[in-house]
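Trainee: I'd like a close look at one part of this protein, please. Could you pick it apart with me, one step at a time?

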Amino acid sequence: MTESEKYESNIRNYCRYFPKVFTKSKLCKMYTGENEEYLDFFCGAGALNYGHNNDYIMEQIVDYIKNDGITHALDMYTTTKCDFIKKFQDNIIKPRGYEYKMMFCGPTGTNANEAALKIARKHTGRKNVIAFMGAFHGMTLGSLSLTSSLTARRGAGVQLENTTFIPYCRNDFDSLGYIRMILNDDHSGIEKPAAIFVETIQGEGGVQVADFRWLKELAELCKEYQILLVCDEVQVGCGRTGTFFSFESAGIEPDMVVMSKSISGSGLPMSLVLLKPEIDCLTSEEHSGTFRGNQLAFVGASAAIDYAIEHKLWDKVKDDEQYVKGYIEENILPISPKIQYRGRGLIFGIDFSDFDDKRLVFRISQECFKRRLIIELSGRDDSVLKVMPALVIHRDELMAGLEIIRKAIQVCI
Ligand SMILES: Cc1ncc(COP(=O)(O)O)c(C=O)c1O
């Protein structure tokens, strides 16, 4: 029994699925104390897009520490922060023709969603917010009110209010038509929302992928009714879909963009809200915090942008997307007509929800782990296997991981 099992609280999660003690990691591999090598298709739930201990990024951080760089300064001006802001504006925001101010929040994704909620409510003077069924926006009370899992919501212990859930983009329901109906009917019983929070791909929700036309229509609807559109890029931003922002190809420019996970390039905690200048309405007293802006994360975040551009990382993701699609279609779908898949860039969901066996995906993931592949479950009833390797993965590693998945499915079905 590990010290964790003895003393750590019951909220332990991933260590129950992957019950090994890990010691070292490099790019797409993790190693135990016994030097067992695991291929990582879990990728820190999207926090390690540049891989574990990416040499270029870690060198910058290590040099910074060795040179007595500032590690903590609340939100004071530092060269580290100013350099990151400039790099982000010059390389990410301006080339896309966007205009966003940058708000640094507490270190995790949920903190940034809390901030976006406050901004939306203060700016519009409205309380209600629309979120989508299957959404995951975080575990603190405001973000949790936008998260649809009933199990997660029960953990709140209080009523989670002021959110209206609407079905996500799907073929058999006109969710945007339904939102319009609500907004046009003064007897809908639903208050006009301050904002609509959307993930372009619901990562925790089972890799549900919204199509670009739907996203564009959603953005138009928000404009028409003066509702703020907030795009939660925490899991699928930072190049995951083959473009820096996952919404870029839809041709939309949300009022706010929520980022975290891979933004620091290093696994160090950091979060960020990008917001249109005209809605920058919170005062410093309304959203303070000791850890708003992690200096080491800023160093990593600047290095990550250089790394991605230098290595044309987002183009590589588009090539890998074709490879993964081809592999799944040729080698996994033929195993059973009940298997479905969805995905974009380097996030794919292999969906087993048509099977009666509700433990099937759990068993497949455990079989993968036995074969030294770390892979996560997601979606309703944990019925989707989430393929999410680091973007820096080599083709032979990608193939090896997919082969393990294929064999594990064949053994378990
Ligand atoms: C889309 C999305 N938003 C928000 C969060 C919450 O981020 P954090 O766990 O860092 O609070 C997550 C976490 O998985 C996420 O996937």
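Trainee: Is glutamine 235 buried or exposed?

Mentor: Glutamine 235 is buried, because its relative accessible area is 9%, where buried means under 20%, exposed over 50% and partly exposed in between (1.4 Å probe, protein chains only). Before we go on, remember that this is a predicted model, in which local features need pLDDT of at least 70 and side-chain atom pairs count only at pLDDT 80 or more, while totals for chains, interfaces and linings use all residues. Numbering runs from 1 along each chain as its sequence is written, and side-chain values use heavy atoms, without hydrogens or water.

Now find the loop between strand S10 (228–232) and strand S11 (256–259), where glutamine 235 sits (strands are DSSP runs of E, at least two residues, helices runs of H or I, at least four, numbered from the N terminus). Leaving aside residues up to four places away in sequence, glutamine 235 touches Ala45, Gly203, Glu204, Arg240, Lys261, Ile347, Lys386 and Met388 (heavy atoms within 4.5 Å). With glutamate 204, the two side chains make a polar contact at 2.9 Å (N or O atoms within 3.5 Å, one able to donate a hydrogen and the other to accept it; residues adjacent in sequence count only if both atoms are side-chain atoms).

Glu204 takes us to the largest pocket: together with Asn13, Tyr14, Phe136 and Met139, Glu204 lies nearest its centre, in a lining of 48 residues (a pocket is an open set of points on a 1 Å grid where a 1.4 Å probe fits, with protein on both sides within 12 Å along at least five of seven lines, and lining residues have an atom within 4 Å of a point). Elements that give two or more residues to this lining are helices H2 (14–17), H3 (43–46), H6 (109–124) and H8 (150–154), along with strand S16 (376–378). The largest pocket lies between domain 1 (3–55 + 313–412) and domain 2 (58–310), because both give residues to its lining; the bounds come from an automatic or database assignment.

Another partner deserves a visit. Lysine 261, which glutamine 235 touches, is in the loop between S11 and strand S12 (272–275). Its relative accessible area is 24%, so lysine 261 is partly exposed. Most residues other than glycine have a negative phi. Lysine 261, though not a glycine, has a positive phi of about 40°. Leucine 27, also not a glycine, has a positive phi of about 45°; look for leucine 27 in the loop between strand S1 (22–26) and strand S2 (29–32). Leucine 27 counts as partly exposed, because its relative accessibility is 30%.
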